[in-house]
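Reader: Could you take me through this structure, starting from a single pair of residues?

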Amino acid sequence: MRTGVRPRQLAVASVAGLVLTSLTACGGGDSSQPGASDGPASDAANASPSEPAVDLKASAPQGKYKVRIRTLKQWPKKSTPVKGEKRVWTVNVTDCSETSCNGKILSTSGAIYNFTWDGTNMELSRKPFKDKLTCQPSGWFKYRWDYTYPEAKVSGGSATTPPEQIEVVLEQSVTVTKKNNCDPSPTDALRIRSKVNGVRQK
């Protein structure tokens, strides 16, 4: 593989842990009033209100997120360092059922991600990236990048508003699928672990 080949760090993102905004419990009845008792009416007045029902579509990640990508680790260790990058994700909800929503993420890098949202967890997926490059004087090789998302979090949202922040750990690895008179360079990163931080734009 030629030294000039650079992996495509395309963010993106499986996100879990939506923090639902809790409601403050309302105060009970005034026990100093005549006739106040500990009966059913008093119990109802002192009961803590339940959390609001989750609106799947409204609480799903959506809108534009300013994304920063930082390399955590890469293999081989002596490969050329992969620099951090900046992206903008445009997140859209495409359809919802009673239990989940589906959507797409469009990155300014050109990457397209699919995601699902169940009101708490966001799971991302991306098709492998495949390409073919030439080597001098007449060689060539085909390769494929695969992407997984072992860790993810969201924060700053509620049952009716989208998350303000997305944090994802991205792992990507390259496989040379076919070659002709061309071998990988020892300076090429063949596996990369990155941290992706996204902040929703107002």
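Author: Arg 68 stands opposite Lys 86 in β2. Strand β1 and strand β2 (residues 85–96) run antiparallel and are joined by seven bridges. Strands here are DSSP runs of E with at least two residues, helices are runs of H or I with at least four, and both are numbered from the N terminus. Two strands count as paired if DSSP finds at least two bridges between them.

Reader: What kind of model is it, and how are residues numbered?

Author: This is a predicted model, in which local features need pLDDT of at least 70 and side-chain atom pairs count only at pLDDT 80 or more, while totals for chains, interfaces and linings use all residues. Residues are numbered from 1 along each chain as its sequence is written, and side-chain values use heavy atoms, with hydrogens and water left out.

Reader: In what order do the strands of the sheet come?

Author: The nine strands form an open sheet in the order β5-β4-β3-β2-β1-β9-β8-β7-β6, with antiparallel pairing. At the edges are β5 (122–125) and β6 (129–135), each of which pairs on one side only.

Reader: And how many bridges link β8 to β7 and to β9?

Author: Strand β7 (residues 139–155) pairs with β8 (residues 165–180) over 14 bridges, in the antiparallel sense. Ala 152 has Val 168 in β8 as its bridge partner. Between β8 and β9 (residues 191–200), also antiparallel, there are nine bridges. Glu 171 is partnered there by Arg 193 in β9.

Reader: Turning to Leu 72, is it buried, partly exposed or exposed?

Author: Leu 72, which lies in β1 (residues 63–75), has a relative accessible area of 39%, so it is partly exposed. Buried means under 20% relative accessible area, exposed over 50%, and partly exposed in between, using a 1.4 Å probe and protein chains only.

Reader: What does Leu 72 touch, beyond its neighbours in sequence?

Author: Leaving aside neighbours within four places in sequence, Leu 72 is in contact (heavy atoms within 4.5 Å) with Arg 193, Ser 194 and Lys 195.

Reader: Which residues have the most contacts inside the largest nonpolar core?

Author: They are Trp 89, Ile 105 and Phe 115, in a core of 35 residues. Strand β7 gives the most to this core, with seven residues. A nonpolar core is a set of buried Ala, Val, Leu, Ile, Met, Phe, Trp, Tyr and Cys residues joined through side-chain atoms within 4.5 Å.

Reader: What share of the chain is buried?

Author: Buried residues make up 35% of the 202 residues.
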